Amino acid sequence: MFHVKQSEQASPNNDFGMDTPLARELADLSSRRRALEKVSVDFTGDTRVFTVSNQKGGVGKTTTAVNVASALASLGARVLVIDLDPQGNASTALGVPHSAETPSIYDVLINGRPLADVVQQSPEHENLHCAPSTIHLAGAEIELVAQVAREFRLRRALEVYLADHDLDYVIIDCPPSLGLLTINAFTAASEVFIPIQCEYYALEGLSQLLGSIQMIQQHLNPELHLSTILLTMYDGRTRLAQQVADEVRSHFPRQVLETVIPRSVRVSEAPSFGQTVIAYDGSSAGAIAYREAAVEIASRTQGKEN
Ligand code: ATP
Ligand code: MG
């Protein structure tokens with residue numbers, strides 16, 4: 001359909017007039033930005049529900065969830081982010097209030113409150129919504145144990161919500177664990193989206209995650225499959241990052257997106273302004289990479305045959 005090549009070599013006779021690594025990088029960025037401006041995406045078909053998971057902490061799950069969501073919304077998709085992490089980082093990044101008194105995903109999971117009661121629009125985009133998490137969610141892992149249909153609380157709530165709301169994407173941001181909150185995300189979603197940080201221990205723990213996905217598939221949700229892997233915090237100057245990227249691609253050739261998210265200060269600064277990097281600095285390298293990742297995701301089908 002459409003593809004934005006990240007690796008296109010910029011010509012030495014670029015807009016910046018010099019053949020230095022920085023000039024090449026800037027020229028590359030500006031040609032990718034121009035390519036993105038020409039992309040148009042047709043969002044038709046069923047709602048795609050992703051769970052962004054990796055039980056490893058700090059690999060870029062939340063950053064990926066909110067930036068891909070915002071990029072998809074700016075392409076015209078209707079997107080809901082469900083913040084399933086008691087840390088509430090996705091709610092913060094989307095500029096959505098999530099103080100202890102705010103109606104939240106906790107009320108949905110534990111008190112059976114309709115999802116529609118807690119969803120808020122992100123100030124970032126009219127198509128972008130978020131079901132926030134509050135600190136109460138920290139107790140939910142334990143409280144869920146005693147609930148009826150404890151593994152399906154989110155799924156049921158989402159089914160009711162989707163009957164009345166037309167959405168193209170639901171993106172669930174999971175905590176760094178494989179407890180009942182993550183299991184609720186796995187039963188509600190059909191696609192698993194794993195961000196992998198390009199560093200030495202990247203693949204450690206992945207087999208545990210894949211084992212959990214398989215177990216959920218067999219016992220709770222036959223639809224669930226790993227559709228998407230995104231390499232994050234890539235530092236092209238290190239050989240290690242390249243080696244990790246190659247290794248992940250050799251294990252998961254069909255799931256890994258061509259786009260790689262570079263390590264970028266703008267990406268890490270954005271949440272402190274209550275924004276994604278798409279809104280904070282849409283022409284920065286991190287924002288362009290997330291926009292390209294969103295285009296790639298949208299251009300793929302449900303990923304079953306991938
Ligand atoms: P947790 O397991 O705690 O939920 P996580 O997997 O959601 O963490 P993030 O919170 O998205 O990870 O990212 C961890 C840290 O790395 C954050 O401080 C974030 O700002 C930073 N970070 C994420 N992606 C990038 C990037 N591409 N460049 C620079 N910093 C990044
Ligand atoms: Mg997180």
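How many salt bridges does the structure hold?

Analyst: The structure holds 12 salt bridges. A salt bridge here is a side-chain nitrogen of Lys or Arg within 4 Å of a carboxyl oxygen of Asp or Glu. First, some ground rules. This is a predicted model, in which local features need pLDDT of at least 70 and side-chain atom pairs count only at pLDDT 80 or more, while totals for chains, interfaces and linings use all residues. Residues are numbered from 1 along each chain as its sequence is written, chains are lettered from A and ligands numbered from 1 in the order in which they are written, and side-chain values use heavy atoms, leaving out hydrogens and water.

Start with Glu191 and Arg48. Their side chains meet in a salt bridge, with 2.8 Å from N to O. This pair links distant parts of the chain: Glu191 sits in strand S6 (residues 191–197), Arg48 in strand S1 (residues 48–52), and 143 residues separate them. Strands are DSSP runs of E with at least two residues, helices are runs of H or I with at least four, and numbering goes from the N terminus. Are the two partners buried or exposed? Glu191 counts as buried because its relative accessibility is 0%. Arg48 is also buried, at 7%. The cut-offs are these: buried is under 20% relative accessible area, exposed is over 50%, and partly exposed is in between, with a 1.4 Å probe and protein chains only.

Now take Glu159 and Arg156. Their salt bridge spans 3.9 Å, N to O. Why are they about one helical turn apart? They are 3 residues apart in helix H7 (residues 153–164), so about one helical turn separates them. Glu159 is partly exposed, at 40% relative accessibility. Arg156 is partly exposed too, at 44%. Elsewhere, salt bridges that share partners join Asp28, Arg32 and Glu292 into one network.

Leu257 is part of strand S8. At 0% relative accessibility, Leu257 is buried.

One more pair: Glu151 and Arg150. The closest N and O atoms of this salt bridge are 3.6 Å apart. Arg150 is partly exposed, with a relative accessible area of 31%. Look also at Ala149. Ala149 lies in the loop between helix H6 (140–145) and H7. Its phi is near 50°, a positive value in a residue other than glycine. Most residues other than glycine have a negative phi. Ala149 is partly exposed, at 38% relative accessibility. Met233, in strand S7 (residues 225–234), also has a positive phi of about 50° although it is not a glycine. At 21% relative accessibility, Met233 counts as partly exposed.

Back to strand S1. Ser53 is in the loop between S1 and H2. Ser53 has a relative accessible area of 1%, so it is buried. A polar contact of 3.0 Å joins the side chains of Ser53 and Thr51. A polar contact is a pair of N or O atoms within 3.5 Å; within protein, one must be able to donate a hydrogen and the other to accept it, and residues adjacent in sequence count only if both atoms are side-chain atoms.

Next comes ligand 1. It is surrounded by 17 residues, and the closest are Lys61, Thr62, Thr63, Pro262 and Ser264. A residue is near a molecule if one of its heavy atoms lies within 4 Å of it. An oxygen atom of ligand 1 is 3.0 Å from a polar backbone atom of Val59. An oxygen atom of ligand 1 is 2.8 Å from an N or O atom in the side chain of Thr62. A nitrogen atom of ligand 1 is 2.8 Å from a backbone N or O atom of Ser264. Which elements give two or more residues to the shell? They are helix H2 (61–74), strand S8 (256–262) and helix H11 (265–269). H2 provides the largest share, 3 residues.

Last, Tyr200. Tyr200 lies in the loop between S6 and helix H9 (206–219). At 62% relative accessibility, Tyr200 counts as exposed.
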